[in-house]
Amino acid sequence: MPNRLHHVGIVCRDREGADELLQLLGLEVASEEYVEAYEAQCLFTEGPQGRLELIVPTGGKLAKFNKGAGGLHHIALEVDDLDAESARLRAAGVQLLEDEPVDAGPIKINFVPPAYTRGVIVELVAPNTSWGDAPAEDQ
Amino acid sequence: MSTIDRLQEVFRDVFDDDELTITPETTADDVEDWDSLQHVTLVVNVEAAFGVKFSSLEVAGLKNVGQLIGLVESKQG
């Protein structure tokens with residue numbers, strides 16, 4: 001079962017839009033990762049207020065989200081065991097967005113499509129235990 | 001009015017397209033802007049139009065308009 005909120009994801013039209021939002025909210029990027037599977041640069045803030053993910057699409061479906069305007073996209077819940085949680089949901093009849101979890105740097109992710117939640121995209125997040133195993137020049 | 005005619009009115013309203021024509025074979029790939037989030041908006045409007053309620057698994061399992069027609073009519077029966 002999910003044990004806590006990991007982050008809230010917001011799609012931004014471009015990097016400039018993400019930077020403007022960060023400035024407005026008084027937040028800074030703590031880490032960022034390009035997720036090839038979703039064609040997006042993902043910027044994470046950290047702090048006592050919680051974590052935001054600002055998603056800057058470079059193409060694909062995310063670039064068309066909300067007719068290209070971007071906006072609030074998903075909530076992400078952290079689980080200890082993504083495979084176990086995926087199995088639990090599939091046993092309940094839920095077809096997750098991905099057959100296998102997607103590597104997104106230090107985390108592994110999958111999504112519960114909004115049809116199951118009446119409009120909320122829910123991302124499931126677990127630590128990526130294999131992250132950092134690659135040779136240094138590849139990181 | 002037949003189920004598909006009433007559904008077509010709902011589709012035209014949700015997708016803001018007065019020329020949109022649906023058939024039982026119509027899928028999300030055939031309608032611009034019919035993505036996973038708009039699918040939920042469509043379903044909520046269909047529920048309101050026909051006075052029925054669908055489960056989340058029913059909503060997620062719909063593959064085309066024909067299945068939606070069948071689901072609506074099964075709820076009305």
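1. In this note a residue is called buried when its relative accessible area is under 20%, exposed when that area is over 50%, and partly exposed in between, with a 1.4 Å probe and protein chains only. By that rule A:R88, with a relative accessible area of 38%, is partly exposed, whereas A:E85, with 3%, is buried.

2. The structure is a predicted model, in which local features need pLDDT of at least 70 and side-chain atom pairs count only at pLDDT 80 or more, while totals for chains, interfaces and linings use all residues. Residues are numbered from 1 along each chain as its sequence is written, chains are lettered from A and ligands numbered from 1 in the order in which they are written, and side-chain values use heavy atoms, with hydrogens and water left out.

3. A salt bridge is taken here as a side-chain nitrogen of Lys or Arg within 4 Å of a carboxyl oxygen of Asp or Glu, and a search of the whole structure finds eight of them over all chains. One joins A:R88 to A:E85, with the closest N and O atoms 2.8 Å apart. Both residues belong to helix α2 (residues 82-91) of chain A, where they stand three residues apart, about one turn of the helix; helices (H or I, at least four residues) and strands (E, at least two) are DSSP runs, numbered from the N terminus.

4. In helix α1 (residues 15-25) of chain A, A:D19 and A:R15 are separated by about one helical turn, because they are four residues apart. They form a salt bridge whose closest N and O atoms are 3.3 Å apart, and a network of salt bridges links A:R15, A:D19 and A:E32. A:D19 counts as partly exposed at 35% relative accessibility, and A:R15 is partly exposed at 34%.

5. Leaving aside neighbours within four places in sequence, A:R15 is in contact (heavy atoms within 4.5 Å) with A:E32, A:Q41, A:L43 and A:V56. A:D99, by comparison, is 84 residues from A:R15 in sequence and 30 Å from A:R15 in space, C-alpha to C-alpha.

6. A further salt bridge pairs A:E46 with A:R51, the closest N and O atoms lying 2.9 Å apart. A:E46 is partly exposed, with a relative accessible area of 44%, whereas A:R51 is buried, with 18%.

7. Between the chains, 12 residues of chain A are in contact with 14 residues of chain B. Chain A and chain B bury about 970 Å² between them, of which 64% is on carbon and sulfur atoms; buried area is the accessible area (1.4 Å probe) that two parts lose on being put together, summed over both. A:A115, A:Y116 and A:R118 supply 57% of the area that chain A buries against chain B, more than any other three residues.

8. Across the interface of chain A and chain B the rule finds one salt bridge. A:R118 forms a salt bridge with B:E47, and the closest N and O atoms of this pair are 2.8 Å apart.

9. A:L5 lies in strand β1 (residues 4-11) of chain A and, at 48% relative accessibility, counts as partly exposed.
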